[in-house]
Number of protein chains: 4
Amino acid sequence: MMIVIMDAQATMKEKSAVIARAESLGFKIHLSDGKERTIIGIIGDKRDLDKEQIERMPGVERVVPVLKPFKVASREFKPEDTAFSIGEHTVGGKDLIIMAGPCSVESRSQIIETAHAVKEAGAHVLRGGAFKPRSSPYAFQGMGEEGLKYLAEAREETGLPIITEVMEPALVPLVCDYADILQIGARNMQNYALLHAVGKSQHPVLLKRGMSSFIEEWLMCAEYILSHGNTRVMLCERGIRTFEKYTRNTFDINAIAVAKHMSHLPVIADPSHATGKWEYVAPAAKAAVAAGADGIIVEVHPRPDEALSDGLQSLKPEKFAKLVEDLKRIATAVDRHVPE
Amino acid sequence: MMIVIMDAQATMKEKSAVIARAESLGFKIHLSDGKERTIIGIIGDKRDLDKEQIERMPGVERVVPVLKPFKVASREFKPEDTAFSIGEHTVGGKDLIIMAGPCSVESRSQIIETAHAVKEAGAHVLRGGAFKPRSSPYAFQGMGEEGLKYLAEAREETGLPIITEVMEPALVPLVCDYADILQIGARNMQNYALLHAVGKSQHPVLLKRGMSSFIEEWLMCAEYILSHGNTRVMLCERGIRTFEKYTRNTFDINAIAVAKHMSHLPVIADPSHATGKWEYVAPAAKAAVAAGADGIIVEVHPRPDEALSDGLQSLKPEKFAKLVEDLKRIATAVDRHVPE
Amino acid sequence: MMIVIMDAQATMKEKSAVIARAESLGFKIHLSDGKERTIIGIIGDKRDLDKEQIERMPGVERVVPVLKPFKVASREFKPEDTAFSIGEHTVGGKDLIIMAGPCSVESRSQIIETAHAVKEAGAHVLRGGAFKPRSSPYAFQGMGEEGLKYLAEAREETGLPIITEVMEPALVPLVCDYADILQIGARNMQNYALLHAVGKSQHPVLLKRGMSSFIEEWLMCAEYILSHGNTRVMLCERGIRTFEKYTRNTFDINAIAVAKHMSHLPVIADPSHATGKWEYVAPAAKAAVAAGADGIIVEVHPRPDEALSDGLQSLKPEKFAKLVEDLKRIATAVDRHVPE
Amino acid sequence: MMIVIMDAQATMKEKSAVIARAESLGFKIHLSDGKERTIIGIIGDKRDLDKEQIERMPGVERVVPVLKPFKVASREFKPEDTAFSIGEHTVGGKDLIIMAGPCSVESRSQIIETAHAVKEAGAHVLRGGAFKPRSSPYAFQGMGEEGLKYLAEAREETGLPIITEVMEPALVPLVCDYADILQIGARNMQNYALLHAVGKSQHPVLLKRGMSSFIEEWLMCAEYILSHGNTRVMLCERGIRTFEKYTRNTFDINAIAVAKHMSHLPVIADPSHATGKWEYVAPAAKAAVAAGADGIIVEVHPRPDEALSDGLQSLKPEKFAKLVEDLKRIATAVDRHVPE
């Protein structure tokens with residue numbers, strides 16, 4: 001269903017061509033022929049008519065789609081919240097889920113030490129990168145499978161389910177062998193081959209928003225995963241790139257409420273990337289919970305100044321423990337609950 | 001104090017010229033002559049050496065200022081929070097100040113009805129525009145002085161102090177005759193003649209951040225006002241313009257904590273403009289308080305669908321009353337307090 | 001004329017209310033009642049129906065305006081290009097107009113020396129700031145009226161008409177006494193009191209685009225000036241603020257062709273601010289002419305490294321002379337002409 | 001080599017720790033102990049010291065890297081322009097290379113018809129997508145290998161080398177079997193696994209800038225490819241995402257001159273994506289050549305209104321032929337040459 005606004009100078013022939021095209025595709029037409037403009041309504045429930053196919057016809061000024069381009073991800077398709085289990089807890093319901101851990105797995109002892117620390121502080125999921133997207137080819141790229149093994153050991157020791165990033169389709173089976181949740185990073189949000197691969201895997205997925213993605217594009221990427229019948233998708237707002245440069249990214253706090261309004265999927269916030277500086281992680285995390293996030297994912301490192309990546313935005317375990325306490329108070333104030 | 005990074009190809013003569021220039025201005029030099037680059041430190045406490053005067057000298061690659069360009073507005077200048085009275089309450093302390101009212105004053109009865117409604121719901125200050133900046137010259141431009149008179153009447157009836165926008169230097173005395181707080185709108189943040197005028201007025205000022213202003217520029221504009229000895233300045237984050245177009249603006253929630261970190265001035269959040277849609281005003285307001293805002297300013301209209309401006313982002317009084325209750329809970333969770 | 005898209009859940013009562021509202025304002029209705037959505041076309045030629053007044057009614061999902069909000073500035077209103085005299089030349093026709101001079105007037109000798117230099121190199125108009133908008137209250141703010149006098153002297157000596165910025169309504173009469181063209185700076189694009197004042201002055205105006213203004217907003221600001229019957233308005237693209245930080249601004253080269261497509265007004269490009277670094281001024285200026293600009297305004301300073309403002313982006317006279325030669329070649333390649 | 005600016009409150013112990021860390025990594029130290037700030041210069045030629053490792057140490061305010069993070073891609077590494085053969089022509093030298101063709105290969109006859117048309121009009125390379133990144137999983141995703149075969153047929157018939165996009169590492173060998181140049185799309189600019197794969201392939205690569213990538217990040221992605229010894233890399237500016245929404249993207253014309261200044265690699269402009277509307281493709285293409293681009297890549301479709309993707313921004317062959325004539329004139333005006 002879309003609305004076609006014709007040019008002021010559009011000819012009868014051009015108008016007829018648009019109508020003929022739409023009718024030939026099985027749509028109904030609703031014509032409004034005004035003094036200043038002719039408006040053509042194209043009516044039908046097929047979502048796959050490409051707006052552009054009409055927009056580029058001669059005499060067309062612009063086309064306004066009436067329906068959202070995503071379907072399975074939308075509230076209209078599924079009005080009630082999606083909730084599913086992550087370890088012993090449920091994401092997308094009343095509980096607030098806290099994921100924490102280092103940016104990168106750097107050694108067996110580092111990840112196991114951190115896992116114990118975040119568990120004790122109250123985290124429900126352990127994060128840690130084994131494959132790292134780095135802007136420089138000369139920077140540390142992660143420990144790879146060895147890192148996955150250490151994560152699995154940390155899970156065994158603490159009982160925390162693990163989330164880790166997967167960066168290429170060929171590695172999805174390997175990462176699925178170890179991880180409880182697959183993370184798609186912001187740079188790969190529109191890596192469609194990867195989205196298909198994680199969709200097929202049927203593993204729970206945390207889909208980070210691309211750093212300059214419209215909310216609608218983000219939901220369309222969720223749709224890629226959902227289209228394979230993999231319904232356990234979490235959206236993750238992690239800050240967008242704007243003109244402001246004091247913080248690493250601009251935390252789009254509005255996006256949390258908007259995503260929950262447009263979609264039934266759980267929304268997680270990443271205050272570490274959204275700010276890029278540890279001093280601002282706590283206020284951002286509290287804001288996210290107040291705005292309705294279903295969980296947060298935070299970088300925690302026992303010795304941030306020795307971290308091999310992103311230490312600048314990592315909390316020390318004691319600051320993280322304090323943050324969890326603060327989040328419990330905020331959660332209560334918005335009728336949510338941080339499970340023990 | 002600044003650091004000059006010379007080009008790899010800079011000549012001895014070019015380096016000497018930079019040094020001579022800085023020394024002639026009374027600065028000391030600290031030279032670091034490396035294999036790949038020469039670095040010249042320019043040391044001295046005068047903040048008025050223009051970075052660009054050095055940057056444009058031949059052989060200079062770039063100049064890094066070490067100190068912030070603002071002074072009186074900075075935490076370094078005044079480490080403790082600035083707090084001052086607004087009516088019976090204090091902004092910048094433990095109290096959370098709530099300002100509410102319609103976008104525009106539309107009639108005597110409208111503003112008086114709204115004043116009573118927001119007071120009853122718990123607001124501490126009444127907002128209402130008498131002079132309106134509108135993108136179209138053909139749109140309603142506000143009631144002018146008549147609107148100011150109705151605001152003053154509303155204050156008399158309810159006891160609420162009033163805040164209203166002033167848009168040009170010539171009108172500052174008139175607006176001061178009626179208003180308790182002057183508002184500088186986002187479009188006028190860098191209207192320096194206006195900043196000088198409100199600085200001289202010695203009236204409390206709420207300074208909205210420009211829609212694409214760096215946080216540093218915003219503080220520099222506060223500096224314009226403070227430079228006249230007018231210390232009662234509140235900063236107001238009202239959303240920035242980014243690529244995302246689903247919401248009217250992107251609420252830069254990070255800016256609240258950053259501004260409070262860099263400056264001692266109180267920070268107010270405007271969730272109405274920061275989202276542009278009433279459905280998202282409540283989550284944004286709650287997030288702002290969780291992030292550490294000292295107050296919020298919200299648009300409330302008894303019949304938003306009849307408002308002459310910005311009705312789309314206005315709350316009805318009953319929704320506003322609910323929001324105040326919610327904010328009380330969040331305030332408590334961050335050790336703040338909404339005064340009765 | 002606008003199109004109203006109702007919510008999927010909108011009730012009959014809500015639909016009727018929208019229709020009744022529009023009809024009560026004298027509009028005709030065109031109803032399209034689909035299975036998934038109801039669409040209401042509101043038809044009539046009054047441009048002053050506020051989109052928001054409808055958008056905020058219950059049950060309305062969104063409103064799509066069919067017509068542009070500006071009128072006198074639009075090509076629909078006046079299909080042929082606007083052209084008018086600037087000194088001995090005409091802007092908006094086949095000629096390419098070149099304006100050049102220092103960011104600020106710094107002394108009598110500096111502006112007169114520069115005026116001779118840019119005239120010799122081929123400039124048609126002399127630029128120079130007497131009142132300077134500066135981000136810091138402690139920076140050089142311009143020479144004021146003294147600067148205007150020196151500009152007038154430079155005009156007398158060289159015959160070049162002068163353009164200079166005016167920053168506040170109260171100073172418009174003074175600046176008109178000296179200047180041939182008034183410049184509205186980017187920070188003041190939406191300073192409506194100032195737009196009204198320059199509109200009333202009937203002086204030619206160069207209106208710089210605000211650094212985060214939509215092209216439509218820029219044209220609406222031109223409309224403010226035009227609404228006073230002052231038709232001699234030039235639009236000036238000077239770069240917008242984006243995430244990219246290597247250049248001072250991002251030169252929106254598309255905006256030149258778009259503004260000329262939407263409006264009949266001449267479009268001038270400012271490659272100095274659009275890049276912020278003198279090395280990139282020449283490629284940007286050439287690109288602007290190739291894209292269809294009617295003129296350029298460039299910063300030239302005899303000794304950029306001694307300039308009191310914006311020296312970093314200023315060309316030396318010999319580089320400017322070379323640029324004028326290059327622009328002549330580009331102008332010929334796009335069937336334009338740089339007058340001698 | 002980097003400069004460390006310590007906090008005003010940094011302790012002696014914190015300063016010593018930074019110095020000790022840098023010295024332990026084999027760097028030399030240059031200390032500047034001022035009244036307001038201590039500055040520590042870290043000197044040495046290893047580019048792999050992570051700025052963040054220092055930045056996150058206690059007492060550090062910020063770290064300023066002196067050298068660019070990319071090496072092989074930089075002008076410092078290789079001052080002279082990189083030029084290499086594409087079919088019978090050379091990109092990166094005096095010649096201006098024109099690549100043209102449809103967004104997608106849609107059928108054998110469509111691509112062959114277009115190939116003949118663009119060749120006749122003066123193109124040197126045929127473009128056409130066989131694997132298409134689409135925001136919707138329900139949209140046409142390209143013809144896949146069949147499309148590659150038709151492209152190869154078109155090359156055989158016309159002699160034009162072909163460029164086509166590759167979207168996943170696993171498909172690099174297949175695409176190399178058919179294509180002369182591999183294209184990395186904007187969405188995949190930071191798909192590092194893909195960059196490694198095309199680097200290893202030793203095929204010429206056109207690397208599109210990500211839609212919100214800093215110029216430096218773009219060059220770092222080129223560095224990924226170059227690090228495999230694949231030196232035939234072209235950079236492609238295709239517009240960035242900004243607040244302006246009238247055009248599909250904002251064409252960052254400055255980036256052309258900046259990339260050529262920072263790097264020795266050829267820079268190609270894509271005016272089709274940079275504007276998104278065919279009316280603006282010609283001015284953008286002309287601007288790109290005037291600004292110094294080494295070539296352009298343009299979408300051409302025999303019947304844009306029937307195109308399966310991006311028809312809105314496609315030129316008809318006759319408009320493209322006119323554009324080539326116009327570009328020849330601009331090329332001459334900037335001492336370049338469009339080879340026959």
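Trainee: In which sense do strand 1 of chain C and strand 3 of chain C pair, and over how many bridges?
Mentor: They pair in the antiparallel sense, over four bridges. Keep in mind that this is a predicted model.

Trainee: Noted. Which residue is the bridge partner of C:Ile5?
Mentor: That's C:Ile39, in strand 3 of chain C.

Trainee: What's the strand order in the open sheet of chain C?
Mentor: The order is 2-3-1-4, four strands with antiparallel pairing. Strand 2 and strand 4 (60-65) of chain C are the edge strands, each pairing on one side only. From one strand to the next, the twist averages 20°.

Trainee: And what does helix 1 of chain C lie across?
Mentor: Helix 1 (residues 12-24) lies across strand 1, strand 2, strand 3 and strand 4 of chain C. Against strand 3 of chain C, helix 1 runs at about 5°.

Trainee: What holds strands of a sheet together in general, by the way?
Mentor: Backbone hydrogen bonds, with the strands either parallel or antiparallel.

Trainee: OK, switching to chain A. What barrel is there?
Mentor: A closed one of eight strands, running 7-8-9-10-11-12-13-14, with parallel pairing. Neighbouring strands there are turned by 25° against each other on average, ignoring direction.

Trainee: How many bridges join strand 7 of chain A to strand 8 of chain A?
Mentor: Two bridges, between strand 7 (residues 97-101) and strand 8 (residues 125-127) of chain A, which run parallel. In strand 8 of chain A, A:Val125 is the residue that A:Met99 stands opposite.

Trainee: Which strands does helix 4 of chain A touch?
Mentor: Helix 4 (residues 145-158) packs on the sheet and touches strand 8 and strand 9 (162-165) of chain A. The direction of helix 4 makes about 165° with that of strand 9 of chain A.

Trainee: Give me the overall numbers. How many helices and strands does chain A have?
Mentor: Chain A comes to 11 helices and 14 strands. The C-alpha atoms fill a box of roughly 75 × 45 × 40 Å along the principal axes. Of the 340 residues of chain A, 59% count as buried. And of the contacts in chain A between residues at least 6 apart in sequence, 67% join residues at least 24 apart.

Trainee: Now the partners. How many residues of chain B are in contact with chain A?
Mentor: 33 residues of chain B, in contact with 33 residues of chain A. On the chain B side, helix 8 (254-262), helix 10 (278-291) and helix 11 (317-333) are the elements giving two or more residues. Helix 10 of chain B gives the most, with nine residues. By class, that side of chain B divides into 19 nonpolar, nine polar and five charged residues.

Trainee: What rotation superposes chain B on chain A?
Mentor: One of 180°, with 0.0 Å of shift along the axis and an RMSD of 0.1 Å. So the two copies are related as by a two-fold rotation axis. In chain B, the C-alpha nearest that axis belongs to B:Ala287, 2.0 Å away.

Trainee: Why do you say the copies meet through the same surface?
Mentor: Because 100% of the interface residues of chain B are also interface residues in chain A.

Trainee: And chain C against chain A, how many residues there?
Mentor: 22 residues of chain C are in contact with 22 of chain A. Strand 1 (2-6), strand 2 (28-33) and strand 3 (38-43) of chain C each supply at least two residues to the chain C side. Strand 3 of chain C has the largest share, three residues. That side has 10 nonpolar, five polar and seven charged residues.

Trainee: Last one: is D:Ile181 buried or exposed?
Mentor: D:Ile181 counts as buried, because there are 21 C-beta neighbours inside 10 Å, and the cut-off is 20 or more. D:Ile181 sits in strand 10 (residues 181-184) of chain D. Beyond four places in sequence, the contacts of D:Ile181 include D:Ile86, D:Val125 and D:Leu206.

Key
Residues numbered from 1 in each chain as written. Chains lettered and ligands numbered in written order. Predicted model: local features only at pLDDT ≥ 70, side-chain atom pairs only at ≥ 80, totals over all residues. Contact = placed C-beta atoms within 7 Å. Nonpolar A, V, L, I, M, F, W, Y, C, P; charged D, E, K, R; others polar. Least-squares fit on C-alpha atoms with pLDDT ≥ 70 in both. Buried ≥ 20, exposed ≤ 12 C-beta atoms within 10 Å, placed from the backbone. Pairing = 2+ DSSP bridges. Axes fitted to C-alpha atoms, helices over the stretch in contact; angles between N-to-C directions.
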